[in-house]
Amino acid sequence: MRKTEIKKGINLYTVCDKKFKAFRACVLIHRPLSRDEATYNTLTAAVMRMQSKNFPNAQKISEELENLYGGGLIARASKYGERQIIKIGIQSVSDNALGKKGNFASSMKLLSDIVFNAGTGEDFCDEVVLLEKKNIKDAILSMKNDKRSYSVQRLQEEMCKNEPYGVNPMGYIEDLEKIDAEKLYAHYKKILEESRIDIIFSGNFEEQAAIKTAEDFASNLSEREVSHCSEIIISEVSEVKKITDKLDVTQGKLCLGFRSKGGIIRENYPAAVVYNCIFGGSAVSKLFNNVREKLSLCYYVGSSLDRLKELMIVRSGVEFENFKTAEDEIMLQQSYMEKGDFTDEEIEFAKKHLITAYESNLDSIAAMEEYYTMQLLLGSDISIEEMTSKISEVTREEIVSAAKSMKLDTVYYMEAE
């Protein structure tokens, strides 16, 4: 990944791979994750994709995407650690694959208009804002219907109650009701003026064309002072919190939140990710084989890491009467990891599984772009190839060290009313 500073606070990142027939270009607007503006950011991303100065409605945008050989539009506000990033992008066929010029330039014209001339170019349309407010409200309400995802969200809210990480990035219905088109457009202009902005190109494109595009994008933007966003990392756990929700459910949900001590997830991520794969991050993990298959305590069980926030979350679906037994068994498997009670075969499988997964990113422009987005957030430039090499070199001692760094912080139960 190559970095080019366009202006102070505005950078270009390029990952060029001519084996693809397409390219992907995204503008990333960085915002701190906060209760005050999470709803604003989600709504802004939704409205931006619906209307721009030269493409005045969703139909015109859709028609232009069809003209761009079925191009795809990316528009969302996503949570990365304790940041919320509004990502607006486009993916289309490269000029090289078409054998003629023009598609790249037309794609960039559309992307520029959607990002920098959203709405009418002077304000947001009341009708569009009202429509997207309704859509987001429906999406927030529907989150409770997916109990598997909702249980993880509730764990994060309670575990990080006084931290930005506990904010729901989708937003809040009561905040939606306070936002009108005028307030939203003011927020849109504000974030363009003051936010860190990264432009990332991946796939098949010409490097100089990407630089010229980034310079054009930044031509009407001022330089900005941007502070480095760093997550609140809490390593010490004084007391394990126990949280219970009673909802209309027929299957219980059990989630466990761990904090990593000593920064090991960031500092030695290859070891942490191998540990997680053996523990609960694959279909042959200790949690899957023992808690689900052998003991039949869970309908599903697995674990995942948040590298930016230094957390691990175990999620599972259980019968209500099995809460305590399943929790004890999960912690027993964790204790085995801390003692190094896992085989060389488990280590080798985990490494092969992870290397295959990382190498598959090389076959997808979207996956490759997401990988490098995480790298730029970490201030790292480790390539996918370098990451797989580091994973292959992880030692048993490093895996044990990663396991010992995990401290249980919160246990969440979702029970029946």
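Author: Buried means under 20% relative accessible area, exposed over 50%, and partly exposed in between (1.4 Å probe, protein chains only). The model is predicted, so local features need pLDDT of at least 70 and side-chain atom pairs count only at pLDDT 80 or more, while totals for chains, interfaces and linings use all residues. Residues are numbered from 1 along each chain as its sequence is written, and side-chain values use heavy atoms, with hydrogens and water left out.

Reader: Why is tyrosine 69 called partly exposed?

Author: Its relative accessibility is 41%, and the class in question lies between 20% and 50%; tyrosine 69 therefore counts as partly exposed. Tyrosine 69 is in the loop between helix H2 (58–67) and strand S4 (72–80), where helices (H or I, at least four residues) and strands (E, at least two) are DSSP runs numbered from the N terminus. Its phi is near 55°, a positive value in a residue other than glycine. Most residues other than glycine have a negative phi.

Reader: What makes serine 296 exposed?

Author: Serine 296 has a relative accessible area of 53%, and the cut-off for exposed is over 50%, so serine 296 is exposed. The residue sits in the loop between helix H12 (286–294) and strand S9 (298–306), and its phi is also positive, near 55°.

Reader: How do you know that glutamate 346 is partly exposed?

Author: The value for glutamate 346 is 22% relative accessibility; buried would require under 20%, so glutamate 346 counts as partly exposed. Glutamate 346 belongs to helix H14 (residues 344–360). Leaving aside residues up to four places away in sequence, glutamate 346 touches Ile278 and Lys286, contact meaning heavy atoms within 4.5 Å.

Reader: Why is H15 described as largely enclosed by the rest of the structure?

Author: Because 10 of its 14 residues are buried, H15 is largely enclosed. Among them are Ile365, Met368, Tyr371, Tyr372 and Leu376. H15 covers residues 365–378 and is followed by glycine 379, with a positive phi near 70°.

Reader: Why is H4 called roughly parallel to H9?

Author: Helix H4 (residues 103–116) and helix H9 (residues 207–218) pack at about 25°, with axes 11 Å apart. Angles under 35 degrees count as roughly parallel, over 145 as roughly antiparallel, 65 to 115 as roughly perpendicular and the rest as oblique; H4 is therefore roughly parallel to H9. Axes are lines fitted to C-alpha atoms, for helices over the stretch in contact, and angles run from 0 to 180 degrees between N-to-C directions.

Notes
Expected span 1.5 Å × (residues − 1).
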